[in-house]
Amino acid sequence: MIEMPQIPITRHPVPDEKAAAIGDSVATATAIKTENASSRLAEPEDATIFHEFLSDPQIHAPIYTLPRPLTVDAVRDFINDHLAQREKGIGLLFLNFDDQGRIGGYTDICIWPQWAAGELGGAVHPDRQGKGRGIEGARHSFDWMFDQLGLDLICETASLDNHRTAHLLDGLGFRRMGETLSQRADGSTRPSLVWEVTRTQWQKHTAD
């Protein structure tokens, strides 16, 4: 059996001072830049409305990081776990709201301070997909991760049949790095494609 690489695939250790600065930036973050500038940290009190948002199979089915089974209590634990990750400087969970105050999407960020690397996850409501919103939203989020968290590398994964995400990442200048096995909350796994982009590559792509 061939052992698949873990993410991030590119791992360049950074000085302790830089890793600590990244951790501090994560621990003090309260919102992420979105297309409508309306986001905040998820709190335990949001468990019910967040569960309602996630209950749509179009939203939760492709996402391997969500708790299974998907219950209100499990979602509350998911939120609390991310608040603990924030304190450690290794993870963030934001809820993004539309103009009517409803959840229009969420952002789940995993950080590896020791490599100045991070992964962006999450989803938007199907009603908000299309018309270039996904691309613009992703671009805002990646800009924020490089600029506000001080990362040098962003790593992304998607299932082999997730052509929408593949098209988005290819179009944003990410490089395909191969495959890995992503593990779901229930212990099962799925093969995933892996993309990476460095700060320099991102800046060059967005300047073109």
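Contact means that heavy atoms lie within 4.5 Å of each other. Among contacts between residues at least 6 apart in sequence, 65% join residues at least 24 apart in this chain. The structure is a predicted model, in which local features need pLDDT of at least 70 and side-chain atom pairs count only at pLDDT 80 or more, while totals for chains, interfaces and linings use all residues. Residues are numbered from 1 along each chain as its sequence is written, and side-chain values use heavy atoms, with hydrogens and water left out.

**View 1. The whole chain and its elements.**
The chain holds seven helices and seven strands; helices (H or I, at least four residues) and strands (E, at least two) are DSSP runs, numbered from the N terminus. Their order from the N terminus is α-β-α-α-α-β-β-β-α-β-α-β-β-α. The C-alpha trace spans about 40 × 40 × 35 Å along its principal axes. The radius of gyration, taken over C-alpha atoms, is compared with a globule rule of 2.2 Å times the number of residues to the power 0.38. For 208 residues, a compact globule would have a radius near 17 Å, and the chain's 16 Å agrees with this.

Of the 208 residues, 44% are buried, where buried means under 20% relative accessible area, exposed over 50%, and partly exposed in between (1.4 Å probe, protein chains only). The chain has 20 positive and 30 negative charges, and their mean positions are 5 Å apart. Lys and Arg count as positive and Asp and Glu as negative, with His and the chain ends not counted; the place of a charge is NZ of Lys, CZ of Arg, CG of Asp or CD of Glu.

**View 2. The largest nonpolar core.**
A nonpolar core is a set of buried Ala, Val, Leu, Ile, Met, Phe, Trp, Tyr and Cys residues joined through side-chain atoms within 4.5 Å. The largest has 31 residues, and among those with the most contacts inside it are Leu92, Phe94, Phe142 and Trp144. Elements that each supply at least two residues of this core include helix 1 (16-28), strand 2 (91-97) and helix 5 (133-149). Helix 5 gives the most, with six residues. Apart from neighbours within four places in sequence, Phe142 is in contact with Leu120, Ile154, Glu156, Leu169, Leu172, Phe174 and Trp202. A second, separate core of 16 residues includes Ala42, Phe50, Ile63 and Leu95.

**View 3. Two cis peptide bonds.**
The bond from Ile7 to Pro8 is cis, with omega near -10 degrees. Pro8 sits in the segment before helix 1. Another cis bond joins Arg68 and Pro69, with omega about 0 degrees. Pro69 belongs to the loop between helix 3 (57-60) and helix 4 (72-88).

Ala116 lies in the loop between strand 3 and strand 4 (117-124). Its phi is near 50 degrees, a positive value in a residue other than glycine. Ala116 counts as buried because its relative accessibility is 0%. Ser55 is in the loop between helix 2 (47-54) and helix 3, and counts as partly exposed because its relative accessibility is 33%. Leaving aside neighbours within four places in sequence, Ser55 is in contact with His60 and Leu70. The C-alpha atoms of Ser55 and Val72 are separated by 10.0 Å, with the two residues 17 apart along the chain.
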